[in-house]
Amino acid sequence: MAESTKVAQAERQPTAPSPADYAPEQAACSPGTRIDAPALADELTGELERLSRERERDPISNPVLRLAHEISERVKGGRLDYAALEQLVQYLTVEGFRSRAARLRRYLGELDPAANETRLREVFRTLARPRTPAEAGNDRADLVRFELFKQRVEHESFGIVITAHPTFNLSTPLMRALADLATGFDGTGRPLGAAERDRIEDLARRSEHRPDADISLAREHALSMEAIANILAGLRRAYDLLFQVAAELYPRRWTELKPRIVTVASWVGYDLDGRSDIRWTDTLSKRLLIQERQLEHYMEEVRALRAKTGRRSQDLREILDLMESRLALALSQISEEVAVFGTAESERSGAVSALSRRMFENRALRLSDSGLLIGMTDRAIERARDPEVVRRLCVLRAELANHGLGMAHTHVRINATQVHNAIRKTVGLVTPPNDPRYRVSYLEKLDALLDRVEPVSVNFGSVLRERTTVKRLFMVIAQMLKYSDRTAPIRFLIAECESAFTALTALYYARMFGVDDKVDISPLFETEKALEAGSRVVDQLLENRHYRAYVRRRGRICIQTGYSDAGRYLGQTPASASIERLRLRLVRVMAKHGLTDVQLMIFDTHGESIGRGGHPAGFEQRLAYVDTPASRGFMDEQGVAFKQEVSFQGGDGYLYFVNPVSAFAVVSRILEHTLRHGDNSGDDPFYDEAPYIREFFTTVKEFQVRLMEDPNYGVLLSAFGANLLFQSGSRAFRREHEDATEHEAAPASQIRAIPHNAILQQLGLLANSVGGVGAAIDKDPEKFRGLYRRSARLRQLIGIVEYGEAVSCPDAMKAYIDTLDPGFWIVRAAAEKDPERRRDMLALAGYLDQPALHERQSRIFRRLYQDFTMLRAALETRPAPEGGFGGAPMADERTRLALVLLHAIRVAIIHEIYLLAMRIPEFASRQNITVRQLVMRLVHLDAPSVIRLLEEIFPMTEASSGDEDFGEPATYRGDDAQSYTFENERIFRPILGLSILVRRISTAVIHRIGFLG
């Protein structure tokens, strides 16, 4: 027996469950024999290892396809049924769940709350240590002046941004269970006992591992608030520690501090880029919910403080009573507003106008300025005597100063095209803004508009009547600031921004609607063109006197970069290198315009997957990958104040924060990263080898660009496409196709980054992360090995590639492609002894012959496999590092085998679906649907919609009961009484059940890899 199989068995022996435990409650297939799923998995793993060894003697054979054939033969011979396959898939999924928990545990680093508190105390003490002799205070040479310490802790250094990207791959209970299992603590922060671990294990075994069935925007928003609440709790804990340290070091002045080191923001419900399903009332109601939840927290904290206040502190109690009454009034107002704006019919109902009148009439009583509560808290701090009460009041004041009246700052997002459409008629925009024939005249017209624009007032009626998306969004922002919180800034993100004209247009509307003093306009650079031109765009903006004055007034200049789309078009490693170069160029632009007193704020949108910039080595590397020491060092040298923001996207991002212990661990890692001062790695040879690095990543980029432009790549992605996956967010990414011709014609550029990457994961080769790197290394292997050994930054970038290579299996992708090869089915038919199955295989070959799916995918696979072969050979000879980051941890052999086994099982299941599809009865064409079209949709695994149609065409009906008395008997039954029970139970329902297993395997793959998309 192979060593990896022995290890797997040894790890399972202490808690080996009974065979029945792996039958999920929600069965996809008809009940069958209970099996020993762990034993079957071991047996198939051993067979896979044997087939892999034979590959050395027969390199043309494919172990994945051979094992899939073996599984199919067992099904045909009755040794396995569909229920057995379901139990096997469930077992492998649960094993993956455990593996994912272990990976998350390693990824987060230190998890013990007490240990993280100790680490944070040391970090905060470090802030008080002089970095130069001039920073030392007058009283103690080992402490900086209090004013400098205050400046350091009140500087916004880092921002957490919560988004709703479609990466929800587990139900809410399973997500919480996964986080609990990973941390070893439950949702209340208590250590898990044996009973609780058993409960999690039982939940994992009996549950279907898939997203919540109602994965709506409302569900995403509720989950985001749960995540934010735990982040804020972690920050409160950290700031309490900061005040404890400050009280030791600065006992006379520590209560003056209002720390703002880390901010929290959200765009869940406010991201309109590419979405027409989010109404303005949705945006407003989601913002009100964020405020309602935070005011409830403030109320709870005020009541807790009052309960700790003795009777002798009457003056303190009076202030707390006043705060409570003010919060109670605000909450009563908001609850009514949430109810009105949150209803589906609110836009068309008279309730909006009635509520609008009440809001306007009672505006003097509204709580829309956190300064009022901060002032009350200041007075409470002055009157409090209990040190713990004083500290809690200081933390409360810090929250008010940092978060304002909501749980999170607001980020709205819109597309550049929507901005252009709003201004098109006003400036006579007849070509793209960057058209060199008109660019200057467009900017001059816009500049003239900015010269004379006067603010206008709006009400909710104005919002109701406005049909231009950008104007309506600015109106909603104006109403948010007027009625919700006028002290917290709002970010206005513009996707696909490639021109200064776009941001200036946004400034024009910000001025028109009177919000330019509270809104930070932020262009998003993520395409190849935008990343190269981004610094020039900012340079042009700062050359405009209106924008330059606006930036100085706001005290910051904001940009956003996107690792997802940049990684999709350029490849992940070139994208990261391009974004780092953009950061350095932006610092030079700010120095050029004399803006070193203005904060540079960069929001890097990246996710947890390697395809979207999530470094696999651990949370510290996740942060350092985007916020590099070298760029930080350059900013320090140039005297540029900087704030880094990163996103936590959808379910994978929320996973860190659904447990309070993991949330505090993440907050600790962020504070350690952002407050660290020391080696900035400016001497990393990576930055001295600019010509080689440029050529290296240009090779990768050109490979990826050619890949995206190749129509055959679109065929590869669309052949099975999103039908391999459960829907993972409220924004659907799956396209509906009526026939195969439309399906295979979808270009790769039309598939969004997350589904694009997710499909590649499910096909077994993470081309967006590894593609082209083999060719780049092969240009000069010795140069690469030398630089890899000496450069921590290059090893960090290649770490993404190393992990992608480790979890990729080209044989799996080849097996999926060969499943669509008519020749494969003809060869199988020739060897098949069962006449009926032989006929089915030959019929299937006929269906697959015309679309040429196999030939087109094979062309792209050859290109990918050739580069992957060069990459694997190069990585096998990579040298040991001299120091610093040593590369990403490879997936172990057990993980590799589990992934390959999952692919083989899924290929076998797809084969079963195809053969069952050959038994669909002929029917008269209806609704322009033919048998061929339905079969081809099943070839693309679009089973649910096909089965719905087939159930309509071949209904399961029972004969009439014949209750009516017609006076004479009749034995005739017409066609309307005919029942298609056989077709439904033996063909349609098995196809649907097997298609569900195809999707469940996707979750098992996600568990093993650790992320979606």
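Phenylalanine 168 is buried, and tyrosine 654 is buried too (buried: under 20% relative accessible area, exposed: over 50%, partly exposed: in between; 1.4 Å probe, protein chains only). The model is predicted, so local features need pLDDT of at least 70 and side-chain atom pairs count only at pLDDT 80 or more, while totals for chains, interfaces and linings use all residues. Residues are numbered from 1 along each chain as its sequence is written, and side-chain values use heavy atoms, with hydrogens and water left out.

**Exercise 1.** Count the aromatic pairs, and classify the pair of phenylalanine 168 and tyrosine 654.

*Solution.* 
- Rings of Phe, Tyr and Trp (its six-membered ring) pair if their centres lie within 6.5 Å; planes under 30 degrees apart are stacked, over 60 edge-to-face, and the rest tilted.
- The count by this rule is 36 aromatic pairs.
- For phenylalanine 168 and tyrosine 654, the ring centres are 5.5 Å apart and the planes stand at 75°, so the pair is edge-to-face.
- This pair links distant parts of the chain, 486 residues apart: phenylalanine 168 is in the loop between strand E1 (158-163) and helix H7 (172-183), and tyrosine 654 is in helix H26 (residues 650-654). Helices (H or I, at least four residues) and strands (E, at least two) are DSSP runs, numbered from the N terminus.

**Exercise 2.** Classify the pair of phenylalanine 923 and phenylalanine 954, and locate both residues in the chain.

*Solution.* 
- The centres are 6.1 Å apart and the planes are at 80°, so this pair is edge-to-face.
- Phenylalanine 923 is in the loop between helix H40 (893-917) and helix H41 (931-939), and phenylalanine 954 is in the loop between helix H42 (943-953) and helix H43 (981-1009), 31 residues apart.
- Phenylalanine 923 is buried at a relative accessible area of 15%, and phenylalanine 954 is buried at 5%.

**Exercise 3.** Find the charges that sit over the rings of tyrosine 692 and tyrosine 625.

*Solution.* 
- The criterion is NZ of Lys or CZ of Arg within 6 Å of the ring centre and within 35 degrees of the ring normal.
- Over tyrosine 692 lies lysine 783, at 5.9 Å from the ring centre.
- Over tyrosine 625 sits the charged end of arginine 793, 5.7 Å from the centre.
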